[in-house]
Amino acid sequence: MAIFAEPTVGTYVSVGTWTNGGEWVIAGLPTSPEDDFRFTQLEGTPAKQPVIRYTADGRYEVALPNESFAALAHSPTVSNPTTDNTQFVMPHGRTFSIFGARDQGYRYSEMAAWWRPDLDFAFTADFGAVAFGSPTPGSGVPLTGSATFTGSVLGVSDSTMPDGQGAFLFRPVDGTVRLAFDFGSGNLSGDMRLFLNEGMSPADLGTFAFSQTVFARGSTTYSGSFSTTLQGFNFFNGRFTGPTAEETIGSWAVPFQYLGNTHQALGAWIARRGN
């Protein structure tokens, strides 16, 4: 398998978001597409992020939150997997699906969605999104000039849709992100545009401008929130990847409005420096 075009032995840095779904996510218990279910637990802390590493014997291993490392294997649902495969599994029903950033020209960053049965052995599921990559050293962050990074967003929402078998699934979200860094003054601005998966015609959820950003001159990390009056989990955290901050990875959560109801989305992003 080939997640990175030029993998290096060691542990990648990661940022992610995690939540827990209700029992009908696994058991298929019927509910309505737009009921009052919400993500009441949502974490962006390091302890709730998967950790990814590449070993000397050429394996990718993942430690999901509160678990030991386990090797990724090609999903049995994929026939004759090649290096372009993005669907992986781990023991005990864990899944790990990567974005395929290598094929989009990324050298140092990747993101993935993951899923597992809840550790309490109930009919629930833990799942989330994570971005990971090769960290930029402190000496690699520019101290002068400015640059705009643009990239892709991967995530999930608590808005549900029928699965065609009498149950409902959480709708995924995707979109784009733009980050404008002034390295000399230590300023960050930007925005994220989200789309909700509705099948053939994704719903445009709008553009969420960055707010209350935190970025210091020479820092390898940054954070902030989104400008919205809606109530819910609202934050983003990121860091640079690549020897001289060529790319960046981030995790995020933001509330949004859909069909007159307030919902929650969470996810990850990767972006590349354009100028």
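Two strands count as paired if DSSP finds at least two bridges between them. With that in hand, we can look at this predicted model, where 4 strands form an open sheet in the order 1-4-5-6 with antiparallel pairing. Strand 1 (10-11) and strand 6 (70-71) are the edge strands, each pairing on one side only.

Strand 1 runs antiparallel to strand 4 (residues 51-54), and 2 bridges join them. Across this pairing, glycine 10 stands opposite tyrosine 54 of strand 4.

## The chain as a whole

Now for the wider view. The protein chain holds 1 helix and 19 strands. Of its 275 residues, 49% count as buried. The chain exposes about 12100 Å², and carbon and sulfur atoms supply 52% of that area.

Sequence separation is worth a glance too: among contacts in the chain with a separation of 6 or more, 57% are between residues 24 or more positions apart.

## A visit to phenylalanine 195

Strand 14 (residues 187-196) includes phenylalanine 195. Is this residue buried or partly exposed? Phenylalanine 195 has a relative accessible area of 23%, so it is partly exposed; the cut-off for buried is under 20%.

What does phenylalanine 195 touch, leaving aside neighbours within four places in sequence? Its contacts are Pro172, Val173, Asp174 and Gly175, together with Pro202, Ala203, Asp204 and Leu205. As for threonine 207, it lies 12 residues from phenylalanine 195 in sequence, with a C-alpha to C-alpha distance of 9.5 Å.

Note on methods:
Residues are numbered from 1 along each chain as its sequence is written. This is a predicted model: local features need pLDDT of at least 70, side-chain atom pairs count only at pLDDT 80 or more; totals for chains, interfaces and linings use all residues. Side-chain values use heavy atoms; hydrogens and water are left out. Buried means under 20% relative accessible area, exposed over 50%, partly exposed in between (1.4 Å probe, protein chains only). Contact means heavy atoms within 4.5 Å. Accessible areas come from the Shrake-Rupley method with a 1.4 Å probe; for residues, only the protein chains shown count as cover.
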